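This report goes through the structure shown below.

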Amino acid sequence: MNVNQHTPMAPPYGQPQPSYGQPGYGQPTYAPLDSGYPAPYAPHNGPASAYHPGIPPQAPPPSSQPPTSHYSAQPQPSYSQSHPPASSAPSQLPPSSAPAGSQQYYPSSAPPSQQPISSLPPTSQQRFVSPGQPQHTFPPSSTSYAGPAPPPTQPASTPVTQTQPPFHPHQPPFSSAPGGQPPAFTTGPPPPAQGSFPPQAPPPSSQPGSFPPPSSVSSGQYPSSMPPPQQPPQSQPPTYHPGPPPPQAQMPPTSIGQSNHQPPGPQGPPSPTGPLQQPPLQQGMQTGAFGQPRSPQPGYGGPYQGQPNYGAPAPTPQAQKRLDPDAIPSPQASDMPPVQKSRHRIDPDAIPSPIQVIEDDKAKTTEPFTTGVRGQAPPLVTTNFQVKDQGNASPRFVRCTAYNMPCTADMAKQSQVPLAAVIKPLAILPPDETPPYLVDHGEGGPIRCNRCKAYMCPYMQFIEGGRRFQCSFCSCVTEVPPHYFQHLDHTGRRVDCYDRPELSLGSYEFLATVDYCKNNKIPQPPAYIFLIDVSYNAVKSGLVSIICQELKSLLDHLPRENPEMDSVIRVGFVTYNKVLHFYNVKSSLAQPQMLVVSDVSDMFVPLLDGFLVNVNDSRQVIESLLDQIPEMFADTRETETVFGPVIQAGLEALKAADCAGKLFVFHTSLPIAEAPGKLKNREDKKLIGTDKEKSLFQPQAGFYNNLAKECVTQGCCVDLFLFPNQYVDVATLGVVPVSTGGSVYKYTYFQAESDQERFLNDLRRDVQKPVGFDAVMRVRTSTGIRATDFFGSFFMNNTTDVELAGLDCDKAITVEFKHDDKLSEETGALMQCAVLYTSCSGQRRLRIHNMAVNCCSQLADLYRNCETDTIINFLSKYAFRGVLNNPTKAVRDTLVNQCAQILACYRKNCASPSSAGQLILPECMKLLPVYLNCVLKSDVLLPGADVSLDDRAYLRQLISCMDVAETHVFFYPRLLPLVKLESGALPVAVRDSEERLSKGGVYLLETGLHLFLWVGASVQQELLLNIFGTPSFGQIDSSMTSLPVLENPISQRLREIIDSFRAQRSRYMKLILVKQEDRAELMFKHFLVEDKSASGGASYVDFLCHMHKEIRQLLS
Amino acid sequence: MTTYQEFIQQNEDRDGVRFSWNLWPSSRLEATRLVVPVSCLFTPLKERPDLPPVQYEPVLCSRANCKAVLNPLCQVDFRAKVWACNFCFQRNPFPPSYAGISEVNQPAELMPQFSTIEYIVQRGPQTPLIFLYVVDTCLEEEDLQALKGSLQMSLSLLPPNALVGLITFGRMVQVHELSCEGIAKSYVFRGTKDLTSKQIQVGRREATRHPSLFLQPIHRVDMNLTDLLGELQRDPWPVPQGKRPLRSTGVALSVAVGLLEGTFPNTGARVMLFVGGPPTQGPGMVVGDELKIPIRSWHDIQKDNARHLKKATKFYEALGNRSAANGHSIDIYACALDQTGLLEMKCLSNLTGGHIVMGDSFNTSLFTQTFQGVFSKDHNGDFRMAFGGVLEIKTSRELKVCGAIGPCVSLNSKGPYVSENEMGIGGTNQWKMCSLTPSSTLGIYLEVVNQHNAPIPQGGRGAIQFVTQYQHSNTQKRIRVTTITRNWADAQSQIQHIESSFDQEAAAVLMARLGVFRAESEEGPDVLRWLDRQLIRLCQKFGQYNKEDPTSFRLSESLSLYPQFMFHLRRSPFLQVFNNSPDESSYYRHHFTRQDLTQSLIMIQPILYSYSFHGPPEPVLLDSSSILPDRILLMDTFFQLVIYNGETIAQWQKAGYQEMPEYQNFKQLLKAPQDDANDILETRFPMPRYINTEHGGSQARFLLSKVNPSQTHNNLYAWGQESGAPILTDDVSLQVFMDHLKKLAVSSSA
């Protein structure tokens, strides 16, 4: 966040500051802050202003409130905290103990009190500065400041100086203490840090006080800087320090330091450049970064100003002491100097960093994750780890928002933490993990509880010597069938416990009997039908030939159970424009036959025999067909298309063949031809932002809803590939795919040369991926909770059965749970997800995933064992569904509100008492604000001017079936600096902010949908040569979609990295080259989610401030 | 003076006309008293190898509502170069091209021997013939293969420039596109939905934009189409047990008609429908697909139990009329053991002049040869078929036209020649025959309108002109004009002459057509009663008898056979539905109303030949007494050819005598009827069912049901006699019939 960088700014600001100072500040402190924004940063400030309207205007600052808000901006807080302590240093140190739990960002509130302007600033600065950097910064800064800020800050300066000393000492610790602390929290640690840092370990100890060890660790609380700042420090320390600090500290510091120094002078004007450079530094270690590096970031400057105030309050220190645990800052106190700067902005490095958290988790995860321990949260989705199934489903199948569920509905309501699980029933496991075993219980079918019908699982209790078992979901006692009987050992477990997957594992499959089949008939093997638009647009863009060409080879890779065998899936082909063309490709024919159906008003299938065929039998005919299709329509003039009848046709074909299956529809335009499901163009951007906006997400008419229902009944899954050149109404066209468990792929302005690769890879994957058909999913839970809501691509006829015409390995379903009774801590909460489906070989199976979580009566336990990524997954799906029925603004407000409540509840119930001005976040949720901000800024909830309605609808639908890993990277893109590629390990990602980009660097950014390669304007020639084979920045062809194959380690490694990224995602990412200051950079910047967005989305810092304000309001 | 027999024969040979009366009663009153109306059987395209067509346009009367064609009956003033119309008496100048006309230099149309003359006219573009095959694919594999073979064969018979099209149907209807290379393309329509509306429009638009899509010159697509036919598969949709295959005949026809309607209106075209069963779905459905509900029988129809009958009939009638309006004819080739819905579909062919062929299977020579017969060629190598015929009749002012019965539809041309009194298809003097063959024969019914008090001068003659415009199978437009004349006779003074001018054969057929026409819309017994009454009245009028003395009853030679014809007509399948399915009745009636006189007579009264060692083959009475053990009988009913070996002959044959050299003569005897039968088989269209049976054989029923049951189990005197074989029937014999007739004729109360 913030912070002090501004110091540097001072110069530029200097001028402004003065002005502020004079006016506002009388209360110097604030004034300066404000001033900071206006000038150079103005642009950035923009957002900031949004949040704190009052703030920017210097005037407000004066008022006590404003300051608070600003400060609340907290940005600094966290850091500030740590730092603040600095100021108070001594005191803080002690506090440092406050390790764990919550890191406090800042003591925004304090500011007001801190009338002593001078004093205030320092504090804030301190915080930011806190870590190592401070030192560097300070010196320069101080000097620099002196210049610019002088007038107002002066007072601060003094403190600074003071702080400095401490810093130095601190620094060492930091550096030494590799501990992750560096991050924002560093602040926390600092206090102890100085003392404790090195021993970060200590944090734990400190933690004890506030939080349970683990939790404490995890939860970085950012003490708000404010006066309390000092306090925060206490708690913070432990957490933050852990990972990052050491190295980072060093790195950043230096660079930072420099930057800082320089900035003062040059920065002012070249604000952008400044930031850029710095970023690299910061990237290294945010921890270190806190104060200094960030400073460059113009935007932040503003907000932080408040912080300074914090610094001022000497009293805080005391408080901190109390808080010891969290309060880290003390050391930084020395930052004093920076403080001055800090006033301007919150140090971005001081606020919780996603990268830091991710890296910490990676570092922490060294052992395989075993699922046997109830209530244990798995490693993050960004971490590579191995899973050992010991009775609970692997996190690859099931991830929960909370691994400790509140025992009562009241608690749940109070905390507002959503209780949900994201289930990916057919997820593919890495090669080193065993896929679920297939269990056959014989003719009687799987053994189930008599009452609730739960399937046999490790939670079942065998009693009476093994003759009966008691269901742990509903407590009903059921006889064990004779053929399943087994004796129990002395512990009451069956002796064959470990021989049977269903008694020892969390995930396994049952072979279903005929009773589980539709109409009590063993299902036919499924069929794939390809429906290809052959209207003018499709032919002209080359799409038709591409598809036909690809299908020829693709058909050999249809999913199959046994790789040795041929797939039993049958295929059929249809082309269409205003009429439909079916093809008879019966193996006995010499040539395919085309059957045209022009009666689209009442669709039917013109042939049965010969439409769906086995690929191998009819290979000749199929190839002949695929050769001829592009020719046949080469001269077409038909531009109109139908859509409803196309799906109907596929559906009818499956009905006629009496099987389930999947339709692959390749479609180009809005279906305006006279036919059922005809659509009209309703693109009306004027509705955006109005109460009617929701109608844009709703499908036109009910035709497609009904059609979807029919499809689901038949087990007809629809995958839609769209190639629009204009509005096609994705909201409506997507209804059927989304309701049938299918996917929508969209290639706007499809061009053969540039988009072919992406499309073909998507198609290949889509055709080949494992999939189940005609699936029904049911989630059973133990008494006390109940699955109440479901999100994803499916259809529900009643409130319990999730029906999926098709379910592939990439689809996740988010399930929300609500209490309907009390839970007990002993038994925990159990859930069993059973998916009945038809495998690609036509076998009927049941896949079972069992999950047990703990129940807690202490809110702290809840907060200590939850997973932010999963929560975000849930919240985003919830919000994205919400826009269907509510004004977008209301949805956004609801999100912010819920998030504030979650955090406020924590603050109120779990964090050690501290000043209200402190922002204290639970360790597990310290990223909630940043991620939530990303959700709020997404195109769906906050569209920019250039985002089409189709794109919004598309994204909205897309999110609904994403798993946690996908939503994570979607909302918080991965930004990799391409440095040290030779080493083999992936470079550590940097935060999604423009200021982290170095002009001299090359960066790779991936969102799961997009892949950008950003090239800085002054990148080294050598790097250019290695990557692009050209020495000049100007010669890079920005339209290239793949990198040249060059025989050097860097090029190879980079391409490997790109390939591996693509392999990780369910959709192929086209590589887009972005040259700095190129027009395309706008699009790229859209994904720098920590920055203020062009569409008006807040920057991270601003949002954090805003969130803090909300929390404070809730608390007061 | 020749006999009337010769006169009649001569007229038929020259003009293709047979009148019931060859002298016409001169007043309306007298005409009605003659019972049998003044009427004729007219064969418009009677083959006249000796008549070369002339290459110019006919000269027409200039009066607007006359437009009669210059003919030998017209008075010509060679000096003034004018001619007087013999119908309206308008004087017309000859056109300039006739400038050189004189007594010795007359155009053909003025010569008496050219009372029938044919003009070739150059009018409009010549359009090639169109053959659209509509093929049912719900057939047994064998049948389908045979049908495919026949169809492929037929392609070789078509003129190279003929346009062909192919529609196949089963559960769906497929219109095959013939132009595309490589991939066989077809448009598919659902069989349950009538496409009169939009969908056809789509197809039509498509078709008009690319007229070549569905109808292609045979020389271009010969190979393609042959392959296509070769690859034709049985309808792939599964037929559950207890169900009939779903057959969308109605929609298929609708599509066919719509296709031609949109692309080639008023062009000669044949839609050839091949079906192997009844339509079971969609419009035109005749029976549901449940096998447990049998297709309607006469019994059902009489009980008003035929659910789909009315609706289907209405549908096909509408379709037939549409097709007729566009000048396209529809053939139906129905081969199945059960009924195929001909009753409902017959109007398609009846209205458009198409053929109906009914057989048991496509895999029989009956079908293959009949189908080949459709494409038979005359001595010029042209098809014996013509298209788009329009027959117009002009009469002297003493006559008016009541109507016509035959394969035609009314063109609703009202005019001075049209009588208010309708008989058959009336109210017009123009009829359209979408397709006609040299044997197509219409029954034309006329009315004498001259009032009794305005006698026609002695020696006055009446005239009738038949103008037939048609498209020859070589695509030429032609006009054939036949002008005939007959003398008027005063019925009071010249009744003897009139009686002797009676053509009882023609009269029998004409009356039979009236009867059949009535039978289509009336109850069977009513028609029989009507026929009986006509017969009685005729006998009363012309018989010589003493009142109340049946034994005194005599008929003159010219009427002597007439009652016998009526007797057999009453027993014929045209009026009797017993033992016939509705389809068979429709089939028989269809052919009866279009064949020429000879064939029609055979239908009414089958011919029976006897072969024996006692002498050369001889025709024998169609009587049970003709069935003798030492005879081989050959019966020709038109629809069946029955060879019946008498009891002794059959025993000899079983004993194998024909194989022994010393019994060569027996072998020859056996062979003789077969040779004669083959002669008939080769010329007859449609090919009759050929039955070779023997005494006691089950198929002998065909013979036994036809012969006059002079000996039955009822008349004792017949028992044990050597001659003939008793027939187990309650039908009255000719003898009984005649006795009744006499009794009624002489009765004053009748």
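Arg270(B) has a relative accessible area of 0% and is buried (buried means under 20% relative accessible area, exposed over 50%, partly exposed in between, with a 1.4 Å probe and protein chains only). Asp331(B), also at 0% relative accessibility, counts as buried. Arg270(B) and Asp331(B) form a salt bridge, with their closest N and O atoms 2.7 Å apart (a salt bridge is a side-chain nitrogen of Lys or Arg within 4 Å of a carboxyl oxygen of Asp or Glu). Asp331(B) lies in strand β14 (residues 328-335) of chain B and Arg270(B) in strand β13 (residues 269-275) of chain B, so the pair ties together parts that are 61 residues apart in sequence. Helices (H or I, at least four residues) and strands (E, at least two) are DSSP runs, numbered from the N terminus.

**How the model is described**

This is a predicted model, in which local features need pLDDT of at least 70 and side-chain atom pairs count only at pLDDT 80 or more, while totals for chains, interfaces and linings use all residues. Residues are numbered from 1 along each chain as its sequence is written, chains are lettered from A and ligands numbered from 1 in the order in which they are written, and side-chain values use heavy atoms, leaving out hydrogens and water.

**A salt bridge in chain A**

Over all chains, the count comes to 77 salt bridges. One of them joins the side chains of Asp556(A) and Arg619(A), at 2.8 Å from N to O. Asp556(A) sits in the loop between α28 (543-554) and β14 (570-576) of chain A, and Arg619(A) in helix α29 (residues 619-632) of chain A, so the pair ties together parts 63 residues apart in sequence. Asp556(A) is partly exposed, at 33% relative accessibility. Arg619(A) is partly exposed at 24%.

**Where the chains meet**

Chain B gives 20 residues to the contact and chain A gives 26 residues (contact means heavy atoms within 4.5 Å). There is one salt bridge between chain B and chain A. Asp602(A) and Arg190(B) form a salt bridge, their closest N and O atoms being 2.8 Å apart. On the side of chain B that touches chain A, β10 (172-177), β11 (184-190) and α4 (198-209) of chain B each supply at least two residues. The largest share, seven residues, comes from β11(B).

**An annotated span**

In an unreviewed entry, UniProt lists "domain: Sec23/Sec24 beta-sandwich" at residues 772-855 of chain A. Positions use the numbering used here, feature names are shortened, and annotations may be inferred rather than shown by experiment. Residues 772-855 of chain A are 0% helix and 67% strand.
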